[in-house]
Structures are given as C-alpha cells and as structure tokens.
Amino acid sequence: MKTAAFSKQELMQGAQHRMNQVIQDPQLSDRQKLALTCRILFDKGHDAGLAGQITCRATKDDTFITQAFGLGFDEITADNLMEVNADLEPLDGNGMANPANRFHTWIYRQHPEVNCIIHTHPTHVAALAMLAVPLQIAQMDTCALYQDCAFLHEWPGVPVGNEEGEIISAALGKHRAILLAHHGQLVVGKSIEEACNLAILIERAAKLQLLAMAAGQIQPLPESLAREAHDWVSTDKRNKVNFAYYARQTLKQHPDCI
C-alpha cells in the first residue's frame, strides 16, 4: 500500500486535492441556490411560519435577494425571490421584504466578506435559546461551529430597527454563527452553500446539546483536534459537496423550486 507510511496531514491534503479534482460543482445561479436553501431548511425543521429570512448579496452594491414577505420557505422558487436595496425597497416595484431584513443590511455593511445570511427559529435552537446558554460544541460532526458561534445574551426585541442591526452585527464579530437568546440563530457565509450548511448544523448541534444536558455533564473536546476538525469540514469545496447532496434530496421532493 503506497500510502501506509503517509502522515495524517499528508492524507488530509491528498483527500482535499482529490476532492477538488474529481467532484464537479452543480451549475446553479444564486437565485436557484437561495430557493433550494429555503426548501432544504424547511424540510430540516427551520420552518416557523413567516419568521426568518434568507438573503444573499446581489450584483449591485447595497442590494440583496430575499424571499417576498408573506411566503413560507416551502413556497419559495427562484422566480418569486425579490431583489431589494438597503432600505428594503423592491427594485422591481412589487411586493415587500420581511421588515426584519433590516438587520441583514447592517451585517452586510459591516462584514464585507459575508455574501449570505440565514436567520431562522428552528425548534432545538429556539429551545436552547430559551435557556440563555451558549452553544457548546463537543461532538465531531458539529465541529464546523467549534469556537465559531457567538452568543447574544440580551434579547434586543423584534429585530426591525436599526438598533437591533447594530447590536447583532457587533455581537457576531468574526464568527460565522450566533445564538440569539430567547430568539433563534443566525449564520453567515462567504457563499450560499456555506451558510446553508451552517444553518443545518447549528440546529443539529443544539439538539445534541439538549439531549446531552438532559443525560449528564458535557465533556469538552481537545482543542487542537476540534480545531483540526473545524478546518477540515470548512473548506469551500466541502461546503459545495455537502450542499449538492442536500439539493439532490430536496429536488426529489420539490422539483418546482428551480
């Protein structure tokens, strides 16, 4: 066996290289990816009526694409998404965005590396938020969020004002996720794929934490190994591969979304 003497680092690098060479990315527009994300998250328990928003930057400065207010995640298609400016005014003059999208504008303005924002109230995240305790990552599959999830302890109220945008954007800091006490979760990504994966993951992590807390004392992960796992699953290619799988799942049930 040629690789029997390879170090773990060499094997990890080889796997990443092979992944980039062999696996092709689906050819989807941002509108299609955003619509798929809405359906994926609906199927994975992020539905809370009309609560929650999913946005991505559009091509023009200070504009973004989002779902029209009044439609649930399960009703979103690439065609019924809308583009709005920083004042939430629709660029095509039709419909309205969720008023809570206002705090997205603050995140986009203060975090130029962010291209997609997902804010939802899934059941286990909401339950953990009721306890007002931070997310604790202590299981390998959730390590993408290890030391990467901020915590906002003071609930700022309904997030439709500029004040909430400033508070949430500042609390997010350099993290890719934040647990909002008494509220829900928010994740950001350099890509739609990254944000979608993190949104799925934070709900799974919250569920595992609640189950573990009910059974005993959560034991911490070794920091160096948790960081290794975080970086291993947080590459752009890994995010695209994961998203492609979730997209295939969703298209079997909801072929109309794109």
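User: Where is L88 found?

Analyst: L88 is found in the loop between β3 (81–85) and α3. The model is a predicted one.

User: Why is L88 called buried?

Analyst: The relative accessibility of L88 is 13%. The limit for a buried residue is under 20%, so L88 counts as buried.

User: How do you know that the length of α8 agrees with its number of residues?

Analyst: The helix has 18 residues, and at 1.5 Å a residue these should span 26 Å. The end C-alpha atoms of α8 are 26 Å apart, so the two values agree.

User: Which residues of α8 are buried, and what covers them?

Analyst: The buried residues of α8 are K237, N239, F243, A244, Y246, A247 and T250. Their cover includes α1 (8–22), α2 (30–43) and α6.

User: Where is N197 placed, and what is N197 in contact with beyond its neighbours in sequence?

Analyst: N197 is in helix α6. With neighbours within four places in sequence left aside, N197 is in contact with N239, N242, F243 and Y246. At 9% relative accessibility, N197 counts as buried, the limit being under 20%.

User: What makes K237 and D25 a salt bridge?

Analyst: The side chains of K237 and D25 meet at 2.8 Å, N to O. The cut-off is within 4 Å, from a side-chain nitrogen of Lys or Arg to a carboxyl oxygen of Asp or Glu, and the distance of 2.8 Å meets it, so the pair is a salt bridge. K237 lies in helix α8 and D25 in the loop between α1 and α2, so this pair ties together parts that are 212 residues apart in sequence.

User: What does D25 form with K240?

Analyst: D25 forms a salt bridge with K240, where the closest N and O atoms are 3.8 Å apart. This pair links distant parts of the chain, with D25 in the loop between α1 and α2 and K240 in helix α8, 215 residues apart. K240 counts as partly exposed, at 21% relative accessibility. D25, D236, K237 and K240 are linked in a network of salt bridges, and the structure holds 10 salt bridges.

User: How do you know that D141 and R204 meet in a salt bridge?

Analyst: The N to O distance between their side chains is 3.9 Å. Because the cut-off is within 4 Å, this pair qualifies as a salt bridge. D141 is in the loop between α4 (123–131) and β5 (149–152), while R204 is in helix α6, 63 residues apart. D141 is partly exposed, with a relative accessible area of 46%, and R204 counts as partly exposed at 42%.

User: Which residues lie nearest the centre of the largest pocket?

Analyst: D141, L201, V233, N242 and Y246 lie nearest the centre, out of 16 lining residues. The volume of this pocket is about 350 Å³. α6 (192–215) and α8 (236–253) each supply at least two residues of its lining, and the largest share, five residues, comes from α6. The lining divides into eight nonpolar, four polar and four charged residues.

User: How many cavities of 30 Å³ or more does the structure hold, and which residues line the largest cavity?

Analyst: The structure holds one cavity of 30 Å³ or more, and about 80 Å³ of space lies in the largest cavity. R57, D62, T63, F64, A86, T105, Y108 and R109 line the largest cavity. β2 (63–67) and α3 (102–110) are the elements that give two or more residues to this lining, and α3 gives the most, with three residues. By class, the lining of the largest cavity has three nonpolar, two polar and three charged residues.

Notes. Residues are numbered from 1 along each chain as its sequence is written. This is a predicted model: local features need pLDDT of at least 70, side-chain atom pairs count only at pLDDT 80 or more; totals for chains, interfaces and linings use all residues. Side-chain values use heavy atoms; hydrogens and water are left out. On a 1 Å grid over the protein atoms alone, a cavity is a set of points where a 1.4 Å probe fits but cannot get out, and a pocket is an open set with protein on both sides within 12 Å along at least five of seven lines; lining residues have an atom within 4 Å of a point. Grid points are joined across faces, edges and corners, and a volume is the space filled by probe spheres set on the points. Helices (H or I, at least four residues) and strands (E, at least two) are DSSP runs, numbered from the N terminus. Ala, Val, Leu, Ile, Met, Phe, Trp, Tyr, Cys and Pro count as nonpolar, Asp, Glu, Lys and Arg as charged, and the others, Gly among them, as polar. The expected span of a helix is 1.5 Å times one less than its number of residues. Buried means under 20% relative accessible area, exposed over 50%, partly exposed in between (1.4 Å probe, protein chains only). Contact means heavy atoms within 4.5 Å.
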